[in-house]
Amino acid sequence: MAKMNMLQAINNALDTAMAANERVLCFGEDVGIFGGVFRATSNLQQKYGKSRCFNTPLVEQGIIGFANGLAAQGSVPVAEIQFADYIFPAFDQIVNETAKFRYRSGNLFDVGGLTIRAPYGGGIAGGLYHSQSPEAYFAHTPGLKVVVPRNPHQAKGLLLAAIHDPDPVLFFEPKRLYRASVGEVPEEEYQLPLGKAEVLKEGTDVTVLGWGAQMEVIEHAVEMAEKDGISCEVIDLRSILPWDVDTVAESVLKTGRLVITHEAPLTGGFAGEIAATIQERCFLYLESPIARVAGLDTPFPLVLEKEHFPNLLKVYEAICDSVEF
Amino acid sequence: MTTTKPKTVHSPIFTDGAEFRISTFKLLKQDGSLYKGGKAPDISKEKALRIYRAMVTTRILDERMLAAQRQGRLSFYMQCTGEEAAVIGSAAALDDSDMIMAQYREQGALAYRGFTIDEFMNQLFGNNKDYGKGRQMPVHYGSKKLYYMTISSPLATQIPQATGYAYGQKLAGEGHCTLVYFGEGAASEGDFHAALNMAAVHRVPVIFFCRNNGYAISTPASEQFAADGVAPRAYGYKMDVIRVDGNDVLAVYQATEKARQMAVEENRPVLIEAMTYRLAAHSSSDDPSGYRSKDEEAIWREKDPILRTQHWLKSHGWWSDNEEKELQERLRREVLETMKQAQKRPPPALETLITDVYKEVPPALNAQFEKLKAHIRRHPDAYPKSANDPAITGKPVSTQKGEA
C-alpha cells in the first residue's frame, strides 16, 4: 500500500496496464512529455516511449476516431479528452461508432479495448466550460459503459477494470478531487467490478445515492443528518451504465426512502432514470417521494457557482425532508 | 476561378506539395527600419499611436493581471504577451464595425477598439458590471458595441461561425467582413476545415487569422502538424493565403488591409498565418518550464513586437522616451486603481443564475429558483455572495447600467 492522491492512482493504474501489456497506449492533447494538463500521464512517455504515449493534434473527434480504429485493430487505447466539456466534437465517434461497432458488424469487429478518460465536474471556479458533468448524455447510449470513481483506491481499481473490460468504457474522473482526495492504494494490480454499486455505510432510515465527487458531499451531509438521529445508508453507484439496480433496490426496500444527487442539471439527469426504475421496483415500500438534488437547469455558472451547486446543505435538507415527509 | 485543364499522365506520379512552400511577408526590422524594397502601409500618425497605445495597454494589463492572479485576487488569467503586433495590427486594418470573433488571447484587439480598463476589470472580476454577468472565466470578454463576439472556451467553434456571420454580412450588403482569430493548435479541429471549405464554396467575406505562436499549451507546432504550418491548407480549399511575420505590425497591418479588400470587394475569403510566439505561459494554470527552454524564449524576447513598433514610431519622430514613460506610468496607475474599484463591486444579482438560458425563464426553472431562494434564506451564512441579494432580502433590485 502507498499513500496516493487520485492523480497518482490514475497514473499508477496506467503505468501498471502499460507495463503488463505492450498493446496498451495512452494519448491525447498534451499527454506526452508534459504528462497531461493535470499530469495524469506523467513519465509514461519517458518510460514507454513516444510510440505508446504521445501528444495528438488538437482534435477530439480525431482522437476518438483514431482510438476506435486502434481498438478495432486489437490494440488497447486509453484516450484522454482534456476536459469532459471538450468531449463533444467526439460525440459522433463515441455515440455512432464506439457504441455501435460490435452491434452493427454482428460481432465481426469491436472496439472493446477502448477506454476514454476525461476529467469532469465543478467546484473549481471553471465556469461554463470546465465544470460540466456529461454522464447522462452517454448513459443514453447502449453499447457504452460509463464509470465514475470517488477516490484514489477506486480510481485505480476501476480504471484497470475499464482497460481490461471487453467493452468500451467512458471513465469520468472527478477533477475537484484529483489532488484533494488522498488514500491508501495497493501498488500491485487489482480490479474493481464494473456495473456494481458499493454500499459504503449501512443505515435504516434513508438511502443516499451518488457517484464521483458527490460522494464527498454526501459523506458530509450524512454526518449532519446522523447528528439529528437519522440513520443513512450510503451507496456509491460507481457505474452509471450499466447501473446496479439490484443493490439500490435492495437498499430502498429496507429504508423506504431514496435521495439521489448529481452535479449535472436536474432535467434529463441520470437521477431521473434511477428514480423511475426504483419506483417500479419498490413502489409499495416507498415512504416518501424519491428526491433528486442536482444542479439547476442552467449552464454551469462561475461567480454564483456555490448557489448552483448541489452542496452538502442541499443534500442534508433533502435527507431531512425525505425522512419527515 | 481558374480553369487550368488537368493534365493526364501515364505513370504513377505523386506530388508532395513541396512547390507550395510559402514565403513570409516582412516589412519592419527589429530596429524599426524597413527591409529593402519594403514599402510601409499608409498609416497616419494618429492611427499609428492608437495601435501603439493599444499594444502597451495590453502588455501592462497582462503583466498586472497575472500578478493579481498570483496574489490570489483573480482565479485565472491568460496573456497575449508577444502576440500584440499580430492581434492589434490585424484589428487596426479592419473597419471598426467589422466583426471580430476571437479565440481567447486577443484582448489587444478589444483594447484597440476602445474597451476600457474598467470594462476589462469588470469581466475579470465577474462583478455586477460585467456584461457577461459573472458567468464565464476571466478573459472571456465580449462587446456588442465594439463588434466583438463573446469568447467561448471550446477551441475552433468560432471559425465556422465566422463563415456564417460573414455570409450574413455579404447578404446584408453593407460592405463589412468578419475576422476570426485562432491558434495553430485550434486549426487541427474539424471546425477549422469545415469553416474554410464553406467560406470558399460560398465566397464569403471572412478573414481567417491564424496566430501560429508555436505552442498549443505544451504541444509544439512540430507535433501539431507535419506540414509547413497552417497556410498551405488554403490551397486545398482554393483560398487566397499569406504568411506574415506576426511580430511585424506593419506587415500584419498591410496583409490584413489587403485581405479585407479582397473579402469585402470580391467576396474572396483569405487565410492569414501570422508567425509569432507565445512568450507567456498558456495560462496562469500552466508552467512552460516543463516543455520548453529559457533559451528558446530568450530568442523570441529579442523579437519583441512592441519594441519593434516603438523603434519605428521613433524613427518618424512620432514618439519619445518621455511619452513612453508617461504612458506606462499612467496605464499602471489606471490599471491598479480600476482593479481596486472592480474588486469592490458586488457580484451579479442572484437572478442572473436563471436568466438568459432562454429568452424567458421557463416555469420549471423558476420553480427551482424559488426553492433555491428559500434555501438561501434558511442558510444565509453559507451563501455570502447572495445573502444580501434583493431576491433574498426583498429589497428593490438596482438596475445594471451601461451599454455592452
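In the predicted model, the contact between the two chains draws 40 residues from chain B and 34 residues from chain A. On the side of chain B that touches chain A, helices α7 (221–224) and α13 (363–378) of chain B each contribute at least two residues. The largest share of this side, 6 residues, is supplied by α13(B). Classified by residue type, the side of chain B that touches chain A comprises 20 nonpolar, 16 polar and 4 charged residues.

Chain B is assigned two domains, domain 1 spanning 18–344 and domain 2 spanning 350–393. A distance of 38 Å separates the C-alpha centres of domain 1 of chain B and domain 2 of chain B.

In chain A, an open sheet is formed by 7 strands with mixed pairing, in the order β3-β2-β4-β5-β7-β6-β12. The edge positions are held by β3 (53–55) and β12 (239–241) of chain A; each has a single partner strand, so one side of each is left without a neighbour in the sheet. From one strand to the next, the twist averages 20°. Within this sheet, strands β4 (residues 76–80) and β5 (residues 115–120) of chain A run parallel and are joined by 3 bridges. Here E80(A) stands opposite R117(A) of β5(A).

Helix α1 (residues 6–20) of chain A packs on the sheet, where α1 touches β2 (24–28), β4 and β7 (169–174) of chain A. The direction of helix α1 of chain A makes about 135° with that of β2(A). Helix α3 (residues 60–73) of chain A lies across β2, β4 and β5 of chain A and runs at about 170° to β4(A).

Technical notes
Residues are numbered from 1 along each chain as its sequence is written. Chains are lettered from A and ligands numbered from 1 in the order in which they are written. This is a predicted model: local features need pLDDT of at least 70, side-chain atom pairs count only at pLDDT 80 or more; totals for chains, interfaces and linings use all residues. Domain bounds come from an automatic or database domain assignment. Two residues are in contact if their C-beta atoms, placed from the backbone, lie within 7 Å. Helices (H or I, at least four residues) and strands (E, at least two) are DSSP runs, numbered from the N terminus. Ala, Val, Leu, Ile, Met, Phe, Trp, Tyr, Cys and Pro count as nonpolar, Asp, Glu, Lys and Arg as charged, and the others, Gly among them, as polar. Two strands pair if DSSP finds at least two bridges between them. Axes are lines fitted to C-alpha atoms, for helices over the stretch in contact, and angles run from 0 to 180 degrees between N-to-C directions.
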